[in-house]
Amino acid sequence: MTGRIPLIRLEAISKSFGDVHANRGISLEIDEGRILALLGENGAGKSTLMSILAGQLQPDAGTIFFAGDAIRLSSTEKAISLGIGMVYQHFKLVEAMTVAENVYLGHAGSFVLDWQKIHEEVMQLASQYGMQINPAARISTLSMGEKQQVEILKLLHRKSRVLIFDEPTAVLTPREAENLFATMRLMIGQGKAIVFISHKLEEVMSVADNIAILRRGEVVDRVAAADVKSTAELAERMVGREVLLQVERTPLEPRQIVLKVEGLSAASLADIDLEVRQGEILGLVGVAGNGQKPLVEMICGLVRPALGSVRLLGMDWQKFFANPSWDLALSYIPEDRQGLATCQGLDLLDNFLLTTRGGFVRGPWLRRGQAREKAERLLHDFDIRPPNLGALAWQLSGGNLQKMVLAREFYRKPRLIVAEQPTQGLDIAATEDVWKLLLEAREQAGVLLVTGDLSEALALSDRLAVMYNGRIVSTFYVDDEESVARIPQMMAGLQISA
Amino acid sequence: MDSAIIIPLLAAAVQSGTPILYATLGEIFTEKSGVLNLGVEGCMIIGALTGFIVALATGSPVLAFVIAGFAGMTASAVHGVVCLWFKGNQVVSGLALTILGAGLANYLGTSYVGQIAPGFKPVPVPLLSQIPALGPIFFNHDPLVYLTYCIPPLMWLYLTRTRHGLSLRAAGEYPAAATAAGLNVAAYRWCGILVGGFFMGLGGAYLSLAYTHLWTNNLTGGRGWIAVALVIFAFWRPGRAVFGAYLFGGIMALQLRLQASGTQLPSSLLLMLPYALTVIVLVMSSWRQGANEAPAALGVNVEPID
């Protein structure tokens with residue numbers, strides 16, 4: 001701080017949702033004429049932080065300074081009027097309206113709109129930033145890249161000084177992404193400040209001036225892009241390696257194969273081979289979006305495998321899912337515990353019965369009394385709070401809801417467990433509980449652990465598989481120190497020189 | 001059939017289509033802002049009764065007509081309170097408003113049944129009413145009919161050519177986008193509900209002040225529901241609503257004439273005609289994919305974040 005005042009300074013921003021700390025004491029500076037990249041895994045707190053800056057959320061603590069003055073961004077309107085605008089990941093565009101109508105929405109001006117003049121204005125603004133767009137086109141007819149351009153035009157038209165891009169390339173083709181980066185550089189040239197949220201390492205390296213790395217709600221690192229030597233270095237900083245928790249893991253004797261995937265290929269997957277045995281945890285690591293999701297969806301029966309074979313408990317995929325058994329089979333612990341794993345509006349007993357009802361039927365009748373007894377014991381054993389079966393799922397905190405899902409799934413005595421980001425958003429105590437449960441589950445099951453958190457994978461897994469760009473780059477035992485050391489390179493897709 | 005039959009029939013179609021047109025335009029306006037108001041029938045009948053009472057008391061049909069509009073607006077404000085303040089279910093609230101309106105009007109209107117109030121009389125438009133065929137069909141009516149000739153183009157201009165109209169449509173299409181653009185979605189939805197309710201009240205008042213001049217129970221007779229269906233038929237466009245309203249007006253006028261001509265067809269079948277046509281029209285509109293033109297956020301409440 002040598003006299004230079006950054007356009008925006010965030011100081012000690014904190015925000016929690018229940019007992020999940022999305023942001024913990026984050027401080028950042030945003031300068032005009034520079035691109036700041038916020039790098040971090042899903043759930044690291046990037047989007048929360050930027051929603052605070054865009055006026056959508058209010059921080060629990062901390063101050064935002066705009067050109068040196070402390071301000072309160074109480075609404076999006078306020079943020080917009082100060083020139084802070086956000087290009088959302090899910091575009092906020094009215095599909096049934098034209099480009100020009102969307103750009104002009106909310107714009108102060110005359111009561112009557114002169115569309116011809118507005119069209120010219122929009123066209124001129126677009127060409128100023130190297131975009132080509134038909135102002136009279138309906139949004140619903142545009143490609144994703146074009147829609148994003150409209151979002152950018154909306155902000156430029158309002159003379160925004162700070163533009164926040166929330167994972168802007170997630171929906172773009174590589175070519176469209178190149179165009180976007182060119183536009184970003186033009187905007188920087190005009191003195192705008194840009195914040196760019198991403199977890200794609202190459203992009204961040206090629207576009208950003210400064211990089212701030214977020215992990216578990218905290219800024220763990222701040223570097224100038226010029227000082228970063230390789231994407232591997234970034235990957236390492238992003239996923240972290242320091243051990244937050246210590247759990248005791250005694251290797252078990254691996255027994256029969258419970259999951260075998262051979263030559264599985266699909267739109268975003270290429271030739272996947274992997275196997276999981278009872279008694280082991282296979283950690284599948286990689287930067288999010290490298291094919292983990294489609295792979296898990298196929299293994300768990302949500303999507304039919306296209307090419308190749310998936311065998312579960314020795315059965316063919318089709319046979320396994322044609323007549324699924326409620327117990328001694330597959331348990332899926334999805335990343336989206338609110339949307340996929342539970343019904344938010346149902347109470348805990350009904351949520352418990354979602355996957356275990358097979359065990360409580362007599363003819364067409366559901367034996368709720370019996371289920372209640374069992375579920376009550378689980379609440380107690382897993383220390384789920386509130387210990388009340390009548391509580392609705394949405395009333396539980398993230399950690400308790402996750403424990404509830406685990407309790408339910410373990411009650412089924414699964415022989416194969418697929419756990420996706422099982423501790424995302426949980427605090428340390430809850431994380432420790434979940435880790436212990438997964439380790440115990442190895443007694444009876446094989447576990448496929450999909451995680452973006454390397455320290456979690458290293459703490460729990462017996463073997464590791466690294467995914468990049470739809471392929472499994474390498475599979476090795478966790479005590480193979482040489483391979484473990486190279487995980488960041490593998491995650492960044494660097495060729496492994498033998 | 002010769003022109004001596006057809007021209008009076010078409011003129012009657014315009015007249016009996018007019019109350020439906022007022023109501024349909026009102027509902028289009030409300031739905032454009034993203035609120036589904038199924039209480040059209042309720043707003044209409046409250047407007048009809050209010051207009052009738054005011055006309056009886058003051059002797060001024062013009063004043064009665066305007067106050068009836070505000071009565072419709074007040075009725076629709078009930079819907080606004082439920083849906084916008086308390087985020088209640090729009091369908092349930094609308095249905096309740098219909099039942100409430102009908103019950104209230106029947107209760108308060110009992111003592112007026114059979115009475116006659118001063119109303120609007122036909123005023124031929126000079127010159128225009130002399131045009132063969134078109135003159136008697138369109139320009140030999142009461143002033144309230146002429147008023148409806150101006151509303152659709154004005155509403156269209158408002159919705160497509162003004163900043164306010166653009167914002168109102170955005171509130172109905174994608175409230176999140178409107179909010180992100182710094183607009184107050186609730187305010188635009190209030191505007192949609194209140195202005196829409198005003199037109200519904202006018203539609204009701206047309207029935208008691210120009211169409212009949214007298215009060216009977218259940219005066220609106222399901223016209224509010226026809227208006228709800230016509231909105232879909234009109235693809236939420238004010239211009240098309242005119243066509244639809246006159247089509248229904250025509251069917252209503254036709255069945256009256258058929259009954260009067262002493263046909264052998266049972267009258268209950270004839271009375272059914274407009275409602276049967278409603279069903280047919282709805283089926284046809286969904287075939288034509290017009291239903292896709294509904295405001296995307298129609299009937300969806302905006303829940304507060306956080």
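Of the 306 residues of chain B, 53% are buried (under 20% relative accessible area; exposed is over 50%, partly exposed in between; 1.4 Å probe, protein chains only). This is a predicted model, where local features need pLDDT of at least 70, side-chain atom pairs count only at pLDDT 80 or more, and totals for chains, interfaces and linings use all residues. Residues are numbered from 1 along each chain as its sequence is written, chains are lettered from A and ligands numbered from 1 in the order in which they are written, and side-chain values use heavy atoms, without hydrogens and water.

**View 1. Chain B has 12 helices and zero strands.** Helices (H or I, at least four residues) and strands (E, at least two) are DSSP runs, numbered from the N terminus. The radius of gyration of chain B is 19 Å, close to the 19 Å of the globule rule for 306 residues, so chain B is as compact as a globular protein of that length. The radius is taken over C-alpha atoms, and the rule is 2.2 Å times the number of residues to the power 0.38. The C-alpha atoms of chain B fill a box of roughly 65 × 45 × 40 Å along the principal axes. Take the contacts in chain B between residues at least 6 apart in sequence: 77% join residues at least 24 apart. A contact means heavy atoms within 4.5 Å.

**View 2. Strand 14 (residues 307–312) of chain A pairs with strand 11 (residues 257–266) of chain A.** The two run antiparallel, joined by five bridges. Pairing requires at least two DSSP bridges between two strands. Val261(A) stands opposite Val310(A) of strand 14.

**View 3. Strand 14 and strand 15 of chain A form a hairpin.** Two residues lie between these strands. Strand 15 covers residues 315–316 of chain A, and its antiparallel pairing with strand 14 has two bridges. Arg311(A) stands opposite Asp316(A) in strand 15. In the turn, Leu313(A) has a positive phi of about 50°.

**View 4. Ala12(A) has a positive phi of about 50°.** Most residues other than glycine have a negative phi. Ala12(A) lies in strand 1 (residues 8–17) of chain A. Ala12(A) is partly exposed, with a relative accessible area of 36%.

**View 5. His213(B), not a glycine, has a positive phi of about 70°.** His213(B) sits in the loop between helix 9 (185–211) and helix 10 (223–233) of chain B. His213(B) is buried, at a relative accessible area of 16%.
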